[in-house]
Amino acid sequence: MEQPTNRVFSGVQPTGNLHLGNYLGAIRHFVGLQETHECIYCVVDMHAITVWQDPAELARNTREVAAAYIAAGVNPDTQIIFNQSKVSAHAELTWVLNCVARIGWLNRMTQFKEKAGKNRENASVGLYSYPILMAADILAYRATHVPVGDDQKQHLELARDVAQKFNNDFGDNGGADFFPLPEPLIMGPATRVMSLRDGTKKMSKSDPSAMSRITLTDTPDDIAKKIRKAKTDPEPLPSELEGLKDRPEADNLVGIYASLAGISKEDVLKEHGGAAFSAFKPALAELANEKLSPITTEMARLMDDPAHIDAVLKNGAERASAIATPVLAEVKKIVGFI
Ligand code: AQP
């Protein structure tokens, strides 16, 4: 079986409140990679239900993530856009990999600890085994590169461990080097966008405060207001990177600016060093609106035609399935299923 050298796989959960962190940490990079790689972009609805989702909302949010991919610039004709539950190889491969991965590996996953919190006994089994489904997502396509935000680094390392153990365990039955070890692509100056209300917490869909995040459905007024009210310290911006140390909120806003402008944080400070936040925040709001408005507008246009999005997802699923089905057939053979 031929192994591709430049196949990208990534996904976003349709859990609502798609935000600037999802965009700058992941979706934006999806666009650039299609120039050089064969890309498979998934709306990971099976991951979403690891915590309760209202069924009607889940369907809507699934279309919204697909709309965000397309509006950001992913071409659904040349690349694959689909939703996970349409390709059964993800679930089937998960079972095999569940039996390869070790409980001790999952016990180390910090995202499960954070999301389950104190109520661990009551978390779903799916939330616990989430990283195995993620490994299956990637390995079902024998993907080589995975663009993600910094928070997914640990899950990617686990996917590599699972791939390596499968290759070792079944090395004598055609498994040696069967799965490539997927490389994380954690790119740009905003790999971990922080909450606008607390620079020590990741910007997240589930934060109860809407003021903590900029979403891809916010209006220009919402964005300006959220940036104006973003928590900051009283000092002006420094002129050197060193000066952002121990200033998480300032560091975050500078990182967001750099990422939106496509420049480095050093360059932002060269331009805005010495400025008070009362001057920097309006500049950031203007830039954010300039970059996000076209996406927001296009997303809204696409969401007005759900049948078109559904057709894109169906077509993508057929193409995804054509890649994953032979991989799964080979896995079954390697494992000894007849
Ligand atoms: N704050 C962030 N900064 C940079 N990248 C981020 N990503 C998420 N948050 C940030 C990246 O976005 C991609 C899709 O994430 P996801 O939807 O699969 O899941 P998530 O990490 O659970 O998203 P949230 O917003 O953090 O949701 P909750 O509130 O449920 O915890 C991934 O590549 C991720 O790294």
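**Exercise 1. In which helix is Leu-302 found?**

Solution. The model is predicted: local features need pLDDT of at least 70, side-chain atom pairs count only at pLDDT 80 or more, and totals for chains, interfaces and linings use all residues. Residues are numbered from 1 along each chain as its sequence is written, and side-chain values use heavy atoms, with hydrogens and water left out.

Step 1. Helices are DSSP runs of H or I with at least four residues, strands are runs of E with at least two, and both are numbered from the N terminus. Leu-302 belongs to helix α12.

Step 2. Accessibility comes next. A residue is buried under 20% relative accessible area, exposed over 50% and partly exposed in between (1.4 Å probe, protein chains only). With a relative accessible area of 5%, Leu-302 is buried.

Step 3. Contact means heavy atoms within 4.5 Å. Leaving aside residues up to four places away in sequence, Leu-302 touches Ala-67, Ile-70, Ala-71, His-308 and Ile-309.

Step 4. Leu-302 and Val-125 are 177 residues apart along the chain, and their C-alpha atoms are separated by 35 Å.

**Exercise 2. Describe how helix α3 packs with helix α12.**

Solution. Two packed helices are described by the angle between their axes and the distance between the axes.

Step 1. Axes are lines fitted to C-alpha atoms, for helices over the stretch in contact, and angles run from 0 to 180 degrees between N-to-C directions. Helix α3 (residues 55-72) and helix α12 (residues 277-303) pack at an angle of about 130 degrees, and their axes are 9 Å apart.

Step 2. Angles under 35 degrees count as roughly parallel, over 145 as roughly antiparallel, 65 to 115 as roughly perpendicular and the rest as oblique. The helices α3 and α12 are therefore oblique to each other.

Step 3. A crossing is left-handed if the near helix is turned anticlockwise from the far one by less than a right angle, and right-handed if clockwise. The crossing of α3 with α12 is right-handed.

Step 4. On the α3 side, the contact is made by Arg-60, Arg-63, Glu-64, Ala-67, Ala-68, Ile-70, Ala-71 and Ala-72. On the α12 side, Ile-295, Glu-298, Met-299, Leu-302 and Met-303 take part.

Step 5. For the classes, Ala, Val, Leu, Ile, Met, Phe, Trp, Tyr, Cys and Pro count as nonpolar, Asp, Glu, Lys and Arg as charged, and the others, Gly among them, as polar. The contact of α3 with α12 has nine nonpolar, no polar and four charged residues.

**Exercise 3. At what angle do the axes of helix α7 and helix α8 cross?**

Solution. Step 1. The axes of helix α7 (residues 125-139) and helix α8 (residues 153-169) cross at roughly 65 degrees and come within 9 Å. This angle makes α7 roughly perpendicular to α8.

Step 1. Helix α7 passes α8 in a right-handed crossing. Helix α7 contributes Tyr-130, Pro-131, Ile-132, Met-134, Ala-135, Ile-138 and Leu-139, while α8 contributes His-155, Leu-156, Leu-158, Ala-159, Val-162 and Ala-163.

Step 2. The contact of α7 with α8 divides into twelve nonpolar residues, one polar and no charged.

**Exercise 4. How many aromatic pairs are there, and which residues form one aromatic cluster?**

Solution. Step 1. Rings of Phe, Tyr and Trp (its six-membered ring) pair if their centres lie within 6.5 Å; planes under 30 degrees apart count as stacked, over 60 as edge-to-face and the rest as tilted. The count comes to eleven aromatic pairs.

Step 1. Phe-30 and Tyr-41 have ring centres 4.2 Å apart and planes at 5 degrees, so the pair is stacked. Phe-30 lies in helix α1 (residues 20-33) and Tyr-41 in strand β2 (residues 38-43), so the pair ties together parts that are eleven residues apart in sequence. Phe-30 is buried at 0% relative accessibility, and Tyr-41 is buried with a relative accessible area of 0%.

Step 2. Phe-166 and Phe-170 form a tilted pair, at 4.9 Å centre to centre with 45 degrees between the planes. Both Phe-166 and Phe-170 are buried.

Step 3. One aromatic cluster is formed by Phe-166, Phe-170, Phe-178 and Phe-179.

**Exercise 5. Is Asp-177 buried or exposed?**

Solution. Step 1. Asp-177 is found in the loop between α8 and β5 (183-185). At 68% relative accessibility, Asp-177 counts as exposed.

Step 1. The phi of Asp-177 is near 60 degrees, a positive value in a residue other than glycine.
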